[in-house]
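Visitor: I am new to reading protein models. Could you walk me through one, feature by feature?

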Amino acid sequence: MGTCEQKYQELLDLVCVLEHRLKPQLALASLLLSLTVGGCSFTGANQATSQASNDRELLIWWSEGYYPEETDAIESITRKWEKATGNKVKLVFFNDGEISQRATEILNGGPKPDLMYGYSVGDSHGPTFAYKGFLLKTDDIIKEFKSDYSPGIIENITYLNKDSRKRFPFSVPLSVSSAYIHYWKDLLQEANETDLAINIPDTWNEFWEFWGVNQQKAIKAGFVDIKGIGLPMASSTSDTHILFDFFLEAHEAKIISQSGELLLTKPEERKKVIQAMENYTSFYKKGWVPSKATEWGDVDNNINFLSSLSLMTANPTLSIPGSQTADEVAYYERIASVGWPKGLNGKTVRTDISVKQMFIFDGNKTEEAKSFARNLIKPENLSIYVEGSQGRFLPVSKNILENPFWNELRNTHIQASRETVENYKLAYQIYNPAYTEVRRQNIWAQAIEQVCVNNIPVDVAVDNAIESIESIFKKWERS
Amino acid sequence: MNISRISCSEILIISLSVTGSIGLVTYYSDTNAVGRQAYEEQKQVLIERAEAFAEAKDTLLSSIADHLNSPGFKEQSIKILSSKKRFRPNRSNFISTTDGDLVTSRLFQTDLEAESISILTAGAIIALSTETNKIGRYQPVQNTTTYIDPEKSIDVGLRFFKDPRAGRPTTTIALPIRDNSNKRRGYYAVDINPKILHASMFKEDQSSILSPPENTYAVAYTSLSRITVIHNPIQPDQYPSLKSEGINNSLNNRPGPYLYLNHERKPVVGAYQYIPAANMGLLVERDQSVLFKEARKRLRKILVVGGLISASIFIILRRLKSQHSQKAA
């Protein structure tokens with residue numbers, strides 16, 4: 001009897017939710033009801049303010065930096081533009097997680113700004129925004145600087161649009177980064193009881209083994225909490241996907257062809273992916289990676305490394321050394337950056353570059369938004385912004401790269417980042433925008449987390465991931 | 001009237017349909033009225049809690065900002081930050097000590113319910129802390145951390161993020177320490193357990209004041225892909241990812257219906273709003289199953305009475321028909 005009552009209750013409640021939701025369909029019923037029971041309102045509750053007004057401020061959503069210098073730089077440029085043009089800007093800062101989820105909400109019909117810049121949004125949402133027609137084309141904004149962009153920049157912002165079936169630049173590139181390897185030079189020397197520089201192996205397996213061996217040496221030297229490798233193993237950070245991509249490349253695993261075809265169904269590619277994931281997760285299983293790496297967010301490998309709790313880490317920007325520019329000893333002497341080791345075939349590992357880009361959404365403030373973008377990419381402003389970010393990202397402009405800031409010989413961080421970015425390949429989402437959904441759902445990171453946390457066999461985790469990716473691609477084709 | 005031509009089944013169907021329609025119209029009308037009233041009550045509670053939260057946050061930030069200007073703070077903190085000492089976690093065979101001549105209790109605030117208070121170098125490495133094992137650790141001062149520059153404004157929205165070490169959301173507030181030439185020399189950082197701010201919304205620890213009782217959820221983007229409550233008073237170590245129409249609308253500062261399925265897929269009446277003071281959504285929800293109990297009872301009565309009347313009409317008509325056909329025979 002209790003169950004029947006419960007079912008009856010649930011049914012009625014659901015009817016109630018539905019009947020309040022099916023407004024148009026129930027319009028006639030509403031009229032009849034209003035005649036009989038004195039009127040019922042279907043007006044939505046929980047009112048919020050609207051951004052529709054034309055005389056409002058220009059709304060800009062921006063990723064907040066990891067240190068104040070970055071934020072100060074964009075604020076200063078914005079205030080100057082306001083003063084020069086008389087326009088008003090509402091510059092709203094979000095952290096990584098929030099801006100990424102707000103970008104997803106835009107795809108679901110949520111509120112959108114006039115301009116948006118998010119560190120990982122370009123890679124995870126850009127091609128989808130363009131495909132689904134949310135963005136303005138940017139040819140007219142960037143044409144003046146086209147010849148000045150470094151190789152790969154324009155290709156990385158040229159996205160397919162569903163309606164026109166053509167590719168156009170759909171964003172304004174500001175800076176570029178890849179993932180870099182950093183290590184503590186002094187801790188490594190102390191672990192090895194030497195003052196001499198220690199050579200880091202540049203072949204794949206020897207490179208990773210080196211950090212495992214040195215973890216033991218560091219522990220013996222008294223650094224009992226230290227781990228050799230600070231790689232994330234969590235689905236709560238986009239870093240895991242980005243870094244795993246290097247492992248895929250080192251194992252020559254190909255996910256998508258240049259024509260946008262999914263290659264994962266091929267047994268040889270599946271096998272290489274399994275090998276890459278076995279390799280990546282093996283460090284965690286061996287105890288070379290901090291146990292909390294399965295719960296890390298985007299900033300946590302920075303925290304772990306800069307807290308001297310791992311000898312090395314890899315990070316998708318130069319934010320780790322960038323945060324230490326105020327401490328010359330830490331920046332130049334204690335922390336060093338090196339390029340990625342050669343892949344298993346002995347060749348340089350080519351990598352995705354992540355173009356940090358600004359999107360202009362189709363709306364009623366497009367002229368002001370374009371004017372803002374044009375102003376920001378003027379070399380005098382862009383150099384202030386990228387240098388204000390303390391070299392966290394490289395400039396996209398060849399001319400700006402000539403500035404002394406980017407050419408200091410003792411700066412291993414900038415030198416290593418320039419070399420890495422030069423070995424770029426186009427990101428998979430450029431070939432097929434469906435891959436942005438794979439990034440948004442962090443499919444590879446989920447598989448890695450399952451292997452580390454739930455001890456799921458690697459081949460099972462990879463097969464689950466492949467199944468999810470296939471399902472995303474099929475759904476995308478149908479949409 | 002030729003009674004033999006009347007179909008009993010048709011009459012029964014019509015009668016039951018009329019009963020059903022009256023029942024549904026009444027139920028809809030009742031739930032609409034009750035739902036609207038419940039929503040208005042919850043909205044009131046929501047406004048009060050949002051104000052209490054914002055007030056607690058403003059008091060907290062003002063107190064921290066004021067402390068930075070307290071006599072001696074700048075001199076002492078800059079003295080620490082001027083040290084050439086390399087701050088990093090010590091080896092196990094070294095004793096972790098702070099500079100002996102500095103009395104931390106005089107430097108740090110004692111009127112805050114903070115988890116820890118620290119002085120950070122310009123590179124955001126903890127140089128001194130109420131939690132000594134944090135010395136040498138890195139603490140970001142922006143993005144996941146709430147950075148407040150009193151020279152600009154202290155009216156900044158708090159940031160919550162899931163701290164893997166604590167296993168729950170937390171909020172860290174960082175303010176720059178500037179020297180006399182206005183150069184940023186380091187930071188003053190305060191870790192606050194969101195529990196404190198969460199509790200500020202409830203008078204005399206009463207988690208609910210309405211009848212039937214309401215549930216209050218303060219939700220925020222606490223990691224790359226997760227929305228969680230900022231504090232879970234029932235299971236303080238459980239922070240599952242939450243999703244509902246109310247949560248989405250509140251975080252996106254978007255209007256929406258007050259009748260929806262909550263994060264547990266239960267139908268609720270919900271009032272919600274975005275709280276810019278903390279970049280979070282606040283929701284006050286009550287189960288429809290409880291609120292609409294009377295409406296369901298009334299519906300049941302209508303259906304039972306209507307059903308009985310329909311059955312009676314059906315039986316009477318059949319008897320009349322049978323008598324009529326006997327007479328005709």
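## Reading strands, helices and contacts

Guide: Start with strand E5 (residues 168-178) of chain B. Ten of its eleven residues are buried, so the strand is largely enclosed by the rest of the structure. Keep in mind that this is a predicted model.

Visitor: What does "buried" rest on here?

Guide: On a count of neighbours. A residue is buried if 20 or more other C-beta atoms lie within 10 Å of its own.

Visitor: Which strands pair with E5(B), and in which sense, parallel or antiparallel?

Guide: Take the partners one by one. Strand E3 (residues 146-147) of chain B runs parallel to E5(B), joined by two bridges. There, B:Thr146 stands opposite B:Ile173. Strand E4 (residues 161-163) of chain B pairs with E5(B) in the antiparallel sense, over three bridges. In that pair, B:Phe161 has B:Thr170 as its bridge partner. Strand E6 (residues 184-192) of chain B is also antiparallel to E5(B), with eight bridges. Here B:Thr172 faces B:Asp191.

Visitor: How many residues lie in the turns of the hairpins?

Guide: Look between the paired strands. E4(B) and E5(B) form a hairpin with four residues between them. In that turn, B:Gly167 has a positive phi of about 70°. E5(B) and E6(B) form a hairpin with five residues between them. Its turn holds B:Asn182, with a positive phi of about 70°.

Visitor: Now helices. How do I check the length of one?

Guide: Helix H7 (residues 293-328) of chain B has 36 residues and should span 52 Å; its end C-alpha atoms are 52 Å apart, so the two agree. Helix H12 (residues 267-285) of chain A has 19 residues. H12(A) reaches 26 Å, close to the 27 Å expected.

Visitor: Let me step back. What is chain A made of?

Guide: Chain A has 23 helices and 14 strands. Of its 479 residues, 51% are buried. Now consider contacts between residues at least 6 apart in sequence. In chain A, 76% of these join residues at least 24 apart.

Visitor: Into which domains is chain A divided?

Guide: Domain 1 covers 58-176 + 355-415, and domain 2 covers 180-352 + 441-478. Their centres, taken over C-alpha atoms, are separated by 27 Å. The contact takes 14 residues from domain 1 of chain A and 15 residues from domain 2 of chain A. On the domain 1 side, helix H4 (96-107) and helix H19 (412-422) of chain A each supply at least two residues. The residues of that side divide into three nonpolar, eight polar and three charged.

Visitor: And between the chains, how many residues are in contact?

Guide: 58 residues of chain B are in contact with 58 residues of chain A. The largest share of the chain B side, six residues, comes from helix H1 (8-68) of chain B. The chain B side divides into 27 nonpolar, 22 polar and nine charged residues.

Visitor: Can we zoom in on one residue? Where is A:Lys342 found?

Guide: A:Lys342 is in the loop between strand E10 (335-338) and strand E11 (351-352) of chain A. With 17 other C-beta atoms within 10 Å, A:Lys342 is partly exposed. Leaving out residues up to four places away in sequence, A:Lys342 touches residues including A:Asp202, A:Trp204 and A:Val349. A:Lys342 and A:Phe207 are 135 residues apart in sequence, and 9.2 Å apart in space, C-alpha to C-alpha.

Visitor: Last one. Where in chain A does pLDDT stay under 50?

Guide: Over residues 23-44 of chain A. Where pLDDT is low, the predicted coordinates should not be read in detail. Across chain A, pLDDT averages 89, and 89% of the residues score at least 70.

Terms used. Residues are numbered from 1 along each chain as its sequence is written. Chains are lettered from A and ligands numbered from 1 in the order in which they are written. This is a predicted model: local features need pLDDT of at least 70, side-chain atom pairs count only at pLDDT 80 or more; totals for chains, interfaces and linings use all residues. A residue is buried if 20 or more other C-beta atoms lie within 10 Å of its own, exposed if 12 or fewer, and partly exposed in between; C-beta atoms are placed from the backbone. Two strands pair if DSSP finds at least two bridges between them. Two residues are in contact if their C-beta atoms, placed from the backbone, lie within 7 Å. Ala, Val, Leu, Ile, Met, Phe, Trp, Tyr, Cys and Pro count as nonpolar, Asp, Glu, Lys and Arg as charged, and the others, Gly among them, as polar. Domain bounds come from an automatic or database domain assignment. The expected span of a helix is 1.5 Å times one less than its number of residues. pLDDT is the predictor's confidence in each residue, from 0 to 100.
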